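Open the model in your viewer and keep the selection panel at hand. Two stops are planned.

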Amino acid sequence: MSLSTTTTPHARVEHRGRPSRPGPTRIGRLTRLDLKTSPYLYIAPFFIIFGIFGLYPMVWTLWMSLHKWNLVDQRRNAFIGFDNYVELFKTEFFWNAVINTFGMFVLATVPQLLLALFLANLLNRPLLKAKTFWRLAVFVPNATSVAAVAIVFGTLFARDFGVVNWVLSLVGIGRDDPIEWHAEEWSSWIAISTMVDWRWTGYNALILLAGMQAIPRDLYESASIDGAGQWKQFWSITLPMLRPTFIFDNGSTLGGNQRQYQTITMYMVENSIDNVSRAGYGAAVAWSLFLMIILASFANYLLVRRTVR
Amino acid sequence: MTMLNASRRMWRASPLTYIGLILAVLISIFPFYFMFVIGTRTNDQIHDTPPPFTPSGNFGDNFGRVVDIKEVYFWGGLLNSLIVCVTITVSVLITSTLAGFAFAKLKFKGRNFLLLAVLATMMVPTQLGIIPLYGMFQDLGLFDNLLAVIIPFLTSAFGVFMMRQYASSAVSDELIEAARVDGCSTLRIYWSVVLPALRPAAGVLGLLIFMENWNSFLWPYAILQENPTIQVSLYHITRQFYTDYSMVFAATSVATIPLVLVFIVFGRQIIGGLMEGAVKA
C-alpha cells in the first residue's frame, strides 16, 4: 500500500493565447479560493459523518462504561470506575464468549485458509474452461445475509432431522446417538466454523488467486528447467510469493468473521437498549468486545506471519 | 520441450481439477438449494429420513403465511431495505469519489495524515457506538425512522480508500492540468474528467456497499420496530415461528433473491474489482 502520490510540476502552458498568469481579477481570486478550499470540502462529508456517528459515540461509550448509567433517566447516573468491567469479568457468560471466540477463530481460520489455497490453486489454470463461472460459483456464499445463512445452517445441523447428521449416519457415525451440534461446546464450534468457512473460503480463494496470477511465470519455467516438480514449485515459488497477499487477505477475513461475535453484541443490546438502566454495563461489554477484536487481529497477524514464513 | 513439461502440467486443467471444482461449487450452492427446497415443502416433510432434496409445489402456500402475519411487516421490510440501500449507495458513491479524488489528485495541507486517519477508522467496528447512537436518535425523534439507519452510513472509509487507490492510477494528471488551464473549476474537473475515469471502480464499490447494507442487522434491529428492514423482519419471523420451517425458509428465499439477482448481473465486475484491489493494495 503506497501513500505517495505523483506530483506534477505546475505546467505553465500558454493556452489559446490567454495570459499565463491571470491578474488579481475577480475570477482569479475565485480560482484561488477554489483551489484552496475544494479539497477540504470534498473530504469533509466523511469526517463529519464519522465524527458524529463514529468517533463521538465511541468515546461516549467509553465514558458510559465507567458509570452506572440509565439511558432514559440520566439523573441517577454515577461514576463507578471500572466496576462494570469487574462485573463483566466475573460472569461466566463473558469467559464463555472469550473461549468461544478464540476457539472458533482457530477452528475456522486455519482450515479456511488451507481450503482457499487449494481452491485458488485449482482456479489458477490458464487453460481452465468457463473461468468466470467457477469464480462466481465459489464466491456466491459471500453474497448472502448472515441471518439467512444462520437459519439454513441451523437446520442443516439439526439433531434429529439435519442433513449433516443424516449423511454421517450413512457412514455409521452417530446412528443411535446423533451428534448434538447445538448443545455441546466442541460440536457447536465445528458447526459454526463450518458456516463461517462456507461463507468465506471462496472469497479468500479469489484473493489468493489474484496474488497467484501476479507471480511472474518465468519463475516457474526456470524452476522446471532446474528440474523442480509441481509440488516443489508450489512450496518454493507460489507460497513465498503469496505472503503479502496472505497478510492482506487475513486482515479482511477477520472483519468478515465478526459474525462470531454476534452472541456478544446481542448481549450488549440486551443490557442497554432492552434494559435501559444497565446501559453502563452494556457499554463495558462493547469496549471489551472492541479490545478483544484488536487482540484477535494481532494474534491472527502473528499466526499467519509464522505459518507463511 | 520435455524439460518444460512439469511446468506445463501445472497450468493444465486436468479432469481432477474439474472434479475438485465441481465439488466446491456443489458445496457453495447446496445451502441455497436446500433453503429453496424446504420453502416449497410442507412443514412435516423436513422431518423425513432421508431429508427432502427436491422441490415441491407448496411455495405459494408457505409464502402466503409469511405475508399474512402483520407483525413481521415482510413487504414493508423489503421495500424499506431497498430504499435504505439505494440511498446509502448513491451517497457513498458521491462522497467516496469526491474524497478519493481529493486525496489522490489535489494538493492540500495534512493530506497524508488525514488519509491515515481514514484508514484508521476502518478498524472501528460499528457495533461499538450503538448504545449512545440509540440515545441520540431517540432524542432526535427518529426511533423507528428509516433516517436512523441511513444517516450514519452515508459515507464509508473503505469507499474513500478504494476510490483514492483507483484514482491515483486511473486519472491522468495531464488531463486535470489541461482542464485547469482551460479554466475549469475543481468541481467541473471532478464531474467531467475524474468521474468518468472512476466509473468501473465506482460500480464495484456500489455493489459491495449495497450488499453490505442489505445484510446489516444489529443496528436496524436496535432502532427499528414497526418499520423494519428485511433482515429485522426475517429475524422476527424466525424467532416467533421457528418451528414452521417451510414458512421461515420461504421467507428467507424471497429475502435472498434481490442479492442473488444483483450478483448474477454484476458478479463478474465485483470479482474483477475485488481481485484487482487485492493485488494493488
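This is a predicted model: local features need pLDDT of at least 70, side-chain atom pairs count only at pLDDT 80 or more; totals for chains, interfaces and linings use all residues.

Residues are numbered from 1 along each chain as its sequence is written, chains are lettered from A and ligands numbered from 1 in written order, and side-chain values use heavy atoms, without hydrogens and water.

**Stop 1: the interface**

Select chain A and chain B. In contact (heavy atoms within 4.5 Å) are 105 residues of chain A and 108 residues of chain B. The area buried between them is about 9,600 Å², with 76% from carbon and sulfur atoms; it is the accessible area (1.4 Å probe) lost on being put together, summed over both.

Now pick helix 1 (residues 26–65) of chain A. It gives the most to the side of chain A that touches chain B, with 20 residues. Helices are DSSP runs (H or I, at least four residues), numbered from the N terminus.

**Stop 2: the cavities**

A cavity is a set of points on a 1 Å grid over the protein atoms alone where a 1.4 Å probe fits but cannot get out; lining residues have an atom within 4 Å of a point. The structure holds 6 cavities of 30 Å³ or more. The largest cavity has a volume of about 80 Å³, the space filled by probe spheres set on points joined across faces, edges and corners.

Select its lining, including Ser81(B), Phe153(B), Trp214(B) and Thr229(B). Helix 4 of chain B gives the most to this lining, with 4 residues.

Definitions and conventions. Buried area is the accessible area (1.4 Å probe) that two parts lose on being put together, summed over both. Helices (H or I, at least four residues) and strands (E, at least two) are DSSP runs, numbered from the N terminus. On a 1 Å grid over the protein atoms alone, a cavity is a set of points where a 1.4 Å probe fits but cannot get out, and a pocket is an open set with protein on both sides within 12 Å along at least five of seven lines; lining residues have an atom within 4 Å of a point.
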